[in-house]
Amino acid sequence: MEIEIDSGSGFCFGVTTAIHKAEEELNKTGQLFCLGDIVHNSNEVERLKQKGLVTITHEQLQELHDVKVLLRAHGEPPETYEIARRNNIEIIDATCPVVLQLQRRIRKSYTESKNDATPQIVIYGKRGHAEVNGLVGQTEGEAIVIESLAEIDKIDFHRDIYLYSQTTKSLQGFKTIVEEIKHRIDPDVKFVSFDTICRSVANRIPQIRAFASRHELVLFVCGKKSSNGRNLFNECVDANPNSHLISNENDIDPHWLDGICSVGICGATSTPRWLMSQVKEHILSL
């Protein structure tokens, strides 16, 4: 049986940097707090927990004083930095540079339009997602979040619109939203769209589709909380219907392998390479 691990799958730059910063501090002190799961993968979170990484909630952050806290790649709203300042918390900021730039652009748009009741800032993204919470925070909670075309009626098409996207959303989905707004908007209303989707994520789509199509069976390794993972897995299924979403090797049904000569193992930007290797070793043992 041929088993191939996709060379393009695995941690993106932002996640790699966050984990490197966490391990660097853990190697020095043996303990570090992290605001939320450092990555949307329970296996990697558990690995770092064994090294001393303590995951905390925003509520717990307010009770901490005089400690170090890592901010993960997803980014945080301004309120988080203010709490850290008040509580003498040292921030280790691992916000992805792509996300940080997007936060600044949204804050600039909001600040410039703050005294004008006309413009509305719209974010195409998953409501409640850590990155989206950080983006909405740049507008003091005023931005409109739409998850799909089905929610487009939240937008007032008689007012100016500034459209942004969560960095890990589907590029095609964003283009669909743009076209629908153009179709509905009043001719005298200003509409500006900013394609803020991370290209290191978007470029994985054609690559992962090609990978999935050249194998008889595809195992997509991904944490249940990963938004990026669900998008990429859907692309896998579209390219190869014999694709299965698994969290780790324990989710593999041995019957999937019956009569199969070629297996492809791939994953999300939040999937560690060691976990995909573990899946491969498990298949070999079967």
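The legends below describe close-up views of a predicted model.

**View 1. Threonine 139 in the loop between α6 and β7.** The loop that holds threonine 139 runs between helix α6 (130-137) and strand β7 (144-146). Threonine 139 has a relative accessible area of 1% and is therefore buried, the cut-off being under 20%. Leaving aside residues up to four places away in sequence, threonine 139 touches Ile106, Tyr110 and Ile121.

**View 2. Polar contact of the threonine 139 side chain.** A polar atom of the side chain of threonine 139 lies 2.8 Å from the backbone oxygen of valine 136.

**View 3. The open sheet of four strands.** Strand order in this sheet is β1-β12-β10-β11, and the pairing is parallel. At the edges are β1 (2-5) and β11 (243-246), each of which pairs on one side only. From one strand to the next, the twist averages 20 degrees.

**View 4. Pairing of β10 with β11.** Four bridges join strand β10 (residues 217-221) to β11 in the parallel sense. Valine 218 has serine 243, in β11, as its bridge partner.

**View 5. Helix α9 packed on the sheet.** Helix α9 comprises residues 204-213 and touches β1, β10 and β12 (262-267). The direction of helix α9 makes about 160 degrees with that of β12.

Definitions and conventions: Residues numbered from 1 in each chain as written. Predicted model: local features only at pLDDT ≥ 70, side-chain atom pairs only at ≥ 80, totals over all residues. Heavy atoms only, no water. Helix = DSSP H or I, 4+ residues; strand = E, 2+ residues; numbered from the N terminus. Buried < 20%, exposed > 50% of the residue type's maximum accessible area, 1.4 Å probe, protein only. Polar contact = N/O pair within 3.5 Å; in protein donor to acceptor, adjacent residues only side chain to side chain. Contact = heavy atoms within 4.5 Å. Pairing = 2+ DSSP bridges. Axes fitted to C-alpha atoms, helices over the stretch in contact; angles between N-to-C directions.
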